[in-house]
Protein chains: 2
Amino acid sequence: MSTSLSNSPVRVVPLGGLGEVGKNMMAVEHGSDIVVIDAGILFPKEDMPGVDLVLPDTTYLRERKERVRAILITHGHEDHVGALPYVLRDLNVPVYAPPLARDLIRVKLQEHHSLRGHQLREVQPGDRVELGSITAEFFQVCHSIPDACGIALHTPQGVVIHTGDFKIDHTPVDGKKLDMQRLAELGQEGVLLLLSDSTYAEEAGYTPSEQVVGTALDHVIGDAPGRVLVATFASLIARVQQVINAAVKHDRKVAVVGRSMVDNVRMAMENGYIKAPSGTVLPIKELGALPPERQVVMMTGSQGEPTSALVRIANRGHREVSIQEGDTVVISATAIPGNETMVHRTIDNLNRQGARVLHPRIALVHVHGHASQEELKTMLNLVKPQYFVPIHGEYRMLVAHAALARAVGIRAEDIFVLEDGDVLELTPDAAAVVEHVEAGHIYVDGLRQYDMRSVVLRDRRVLAREGFVVVLVRLDRSTGRVMEEPEMVSSGFIDKDTQPEMVEEAMAMVHQELDRGANQPMEWTYISTKVREVLATYLHRKTGRRPMVIPVPVEV
Amino acid sequence: MSTSLSNSPVRVVPLGGLGEVGKNMMAVEHGSDIVVIDAGILFPKEDMPGVDLVLPDTTYLRERKERVRAILITHGHEDHVGALPYVLRDLNVPVYAPPLARDLIRVKLQEHHSLRGHQLREVQPGDRVELGSITAEFFQVCHSIPDACGIALHTPQGVVIHTGDFKIDHTPVDGKKLDMQRLAELGQEGVLLLLSDSTYAEEAGYTPSEQVVGTALDHVIGDAPGRVLVATFASLIARVQQVINAAVKHDRKVAVVGRSMVDNVRMAMENGYIKAPSGTVLPIKELGALPPERQVVMMTGSQGEPTSALVRIANRGHREVSIQEGDTVVISATAIPGNETMVHRTIDNLNRQGARVLHPRIALVHVHGHASQEELKTMLNLVKPQYFVPIHGEYRMLVAHAALARAVGIRAEDIFVLEDGDVLELTPDAAAVVEHVEAGHIYVDGLRQYDMRSVVLRDRRVLAREGFVVVLVRLDRSTGRVMEEPEMVSSGFIDKDTQPEMVEEAMAMVHQELDRGANQPMEWTYISTKVREVLATYLHRKTGRRPMVIPVPVEV
């Protein structure tokens, strides 16, 4: 390795988070080598109507394709692996992932018929992967999915530690704890930079262990007078295991409904991530033959997703399961911000049918998978980094995490609160944000992809609030003159049938305005501007609203 | 009073809540007398795009107009008084309200130019109002606005107690506590029915006193290195008082920005609800002349409302205030479900400009105004009602409150979880839901009002997700035959400029389909059905989406 290479700084570039910096993709570079950490999707926000999912924009990486050595995966959640089928189309590089993530990715790539040609490799905690001048070392962390890892990147400038999503659970369901020994050792040897999960940096204290949920589920399933329905995330494999444990203990059988959860549970059982005595997990039809007090049903729908099993059941629209007297429903997940209303409606509808519903606001049936403030301080003090960058969080969470870092003694000038696209360059001597690169998002909507500047989304927001009015203006094909009164078609604006006189008056006004110049042919741009002006003013005065007005020329 | 009259049952009818039963309006009836409790507005939910506000539908009351004796107001919050300007148009009856509510209503009716002819009367806690066979007695409660009352309705069948919104604050800011003595006395004499606030029935324990917020604000304002900006609800008069108290103590002056808050604070100071040494509250221009560490600015925007002062400041768009180094922003309110994302963005944007932001998730700068479980049980045990109806809550909260009532010893068959429009009839001998009446909502959208079955809202939801396609089909005026290829106008669907070949292909397909029958004239209904079918299938296959397709005939 040449001196100039080893002297080149480390570059850190968060590339995709939709407000949560670096959540879904990050690049770490040294010399000519780039390694990418995670490639996840993001779920669209309320102001993106009709958008199905959001991908990180890989422009930056595509432009440096030949330098990208690998994609390293921290764990198998969608927001960390879900973009791989799209990203691998442009970047055909090896993917290194812990066992469960590897298995989940394989299922995903098969679904997308895009497995062929990709190099998907399993890593175990402790494994090291050489990627040019960077050596990646995976280490075990706890999170709400088994086999979660953090990554230590050994570079000629020093060690960069990326925690992935983590919490410090001293009693995890699978017994696999945060590797504090290795982190302490790295800290002792000297760490250049820590990149650490900020999702719960605003939360004081410690995040409870998954074990408290196990105890709560055991009591609920043991005490329930009838059937127990449990809704959670399809990927929350540890929770499925806890439910199965409680069911076995209380002599109940378990069925799983909903395709994504059925697929995940099958894979997890085949590969040993979920352990259950033979005959415990039954098809839903066989389960139904047992008395209610011997039944547990697991399903998705903890976020109130309209097509999920739980929501169909709540709306009396599920083919196989309907609420019966004595049912207990457990919603074993917290609502992601933005989903609260849908979750609340689902609970209300289940209550209306007589089900008892337990959810995290009223019972300890869920804990999340992210470190709270005391755990974050533990991580900072174990690793003792020279520089600190809070990641995986909205801006205020990063700010809160930065405050924790200052509190444990890291100097303010060594802490960098970045935004997606910021390029941080660092050596043991100096660190600075040196440039800002393109790090937008791609919106996937049905089968198409849009970039974030798309007018389609802007139009939808206007349509949602105001509706539209299309005005048909007949023009004489030969003279270009306006003929007859315009016609109007609208939707989402007014109940037209109840307002015919308003529509008539509006069209008469437009016609009158256009008639003034009717002796000579008019430019369409002039006509359409006039139509917009006249209608916008009239309709706003009459209705207080500003629908989208679209004049259309009809040459006759 | 005839025997038959005094034998007639009491009827209780929750009339407006948008999911929160009886929150905004309730009717209590005996014989020929109807009294209405509260007349509030509701804020539209996410699935009501473009709706500005929602009113209770007063059809039931209008049909029984001559029997309505009065509207009784429990307190001055918008969701309890905001519909009065609309409701009084149809029901010109006396309105009885505690002093602050009376003053807020007066301001509101003046804004609507509808004060004339209305009978707005002040009541004090302890006052009794005779309304035919019903006597209303107001009693003091604590809530997040001064002068909040509950109402005991004395009827020939017994006493009906309506708590209004309440909490049990033993150390309220204004010193006015829940009148436990009177409630205990009524309980001792015997209460037929308790209607009690369920907003926080899912919350274990006690709601903290407003005093803890006072202490927190005192520390924040005392310790802040520079200016302090405090955002809260315009109606949260007690909070304004706490901020003024802390400002006075720490030798700061206070300015208020934003019209609604300026108006409310002026009225509250004029009428003595807010007390401040002369010269404490200054115009914002004068405040700016002081050093930052002597400034406090109060404003709205705690819900991230786009036009509020705080959000304008966060977006660098306020005329008078911009964030400067050393600013502390206090968001002294919790986000109402559905507003979280907007509040979070506001905090992020304030952080980006370098402000320190304190909000209820990280500091004790807000407590809400509703009783938690231990307080609700206290109310139940003070009043010892024969029957119990949980009100002011979404269905799951009512269910949780019902469980508390059972826990303190009320029989399950004496507890009624109602929905808006349910009519509960009761005497000391029996109680039952006897009918369900119309109790919908009116959506106010700009200057118009819609009922809840309006297709306008349904259309907007489709437009928001999918956009629309208008297809112009030219028909020969004389023969009715289709002429030329149709044209298409769309918005919110695809970037048309980038997809011209798709539009062309779609129009060609539609034309081809219509051409088959082109030798004879076709019915428009046939044509429009065909156009919809062909396009819906084609566009879904090509884009995965289902835009609204609107065929329009153009006769030429």
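Reader: Hi! Which residue of chain B comes closest to the rotation axis?
Author: Hello! That is Ala464(B), whose C-alpha lies 2.2 Å from the axis. One caution first: this is a predicted model, in which local features need pLDDT of at least 70 and side-chain atom pairs count only at pLDDT 80 or more, while totals for chains, interfaces and linings use all residues. Residues are numbered from 1 along each chain as its sequence is written, and chains are lettered from A and ligands numbered from 1 in the order in which they are written.

Reader: Thanks. What rotation superposes chain B on chain A?
Author: A rotation of 180° with 0.1 Å of shift along its axis, giving an RMSD of 0.2 Å. The two copies are thus related as by a two-fold rotation axis. The superposition is by least squares on the C-alpha atoms of residues with pLDDT of at least 70 in both copies.

Reader: And how many residues does the contact take from each chain?
Author: Chain B gives 53 residues and chain A gives 53 residues. Contact here means that the C-beta atoms of two residues, placed from the backbone, lie within 7 Å.

Reader: Which element gives the most on the chain B side?
Author: H15(B) does, with 8 residues. Elements of chain B that each supply at least two residues include helix H15 (455-466), helix H12 (340-352) and strand E23 (468-475). Helices (H or I, at least four residues) and strands (E, at least two) are DSSP runs, numbered from the N terminus.

Reader: How does that side divide by class?
Author: The side of chain B that touches chain A has 24 nonpolar, 12 polar and 17 charged residues. In this scheme Ala, Val, Leu, Ile, Met, Phe, Trp, Tyr, Cys and Pro count as nonpolar, Asp, Glu, Lys and Arg as charged, and the others, Gly among them, as polar.

Reader: Why do the copies meet through the same surface?
Author: Because 100% of the interface residues of chain B are also interface residues in chain A.

Reader: Switching topic: what is the strand order of the open sheet of 3 strands in chain B?
Author: The order is E24-E23-E25, with mixed pairing. E24 and E25 of chain B are at the edges with a single partner strand each, so one side of each has no neighbour in the sheet. Strands pair if DSSP finds at least two bridges between them.

Reader: How many bridges join E23(B) to E25(B)?
Author: There are 8, and the two strands run parallel. Arg474(B), for instance, stands opposite Val554(B) in E25(B).

Reader: Which strands does H17(B) touch?
Author: H17(B) packs on the sheet and touches E23, E24 and E25 of chain B, its direction making about 140° with that of E25(B). H16(B) lies across E23 and E24 of chain B, at about 140° to E24(B). Axes are lines fitted to C-alpha atoms, for helices over the stretch in contact, and angles run from 0 to 180 degrees between N-to-C directions.

Reader: At what angle do the axes of H16 and H17 of chain B cross?
Author: Roughly 145°, with the axes coming within 10 Å. The residues of this helix contact divide into 11 nonpolar, no polar and 3 charged.

Reader: Now chain A: what domains does the assignment give?
Author: It gives domain 1 (3-205 + 368-451), domain 2 (210-358) and domain 3 (467-555). The bounds come from an automatic or database domain assignment. Taken over C-alpha atoms, the centres of domain 1 and domain 3 of chain A are 54 Å apart.

Reader: Last one: what is the order of the open sheet of 5 strands in chain A?
Author: E14-E15-E13-E16-E17, with parallel pairing. The twist averages 20° from one strand to the next. E14(A) and strand E15 (residues 295-299) of chain A are joined by 4 bridges, and Ala255(A) stands opposite Val297(A) in E15(A).
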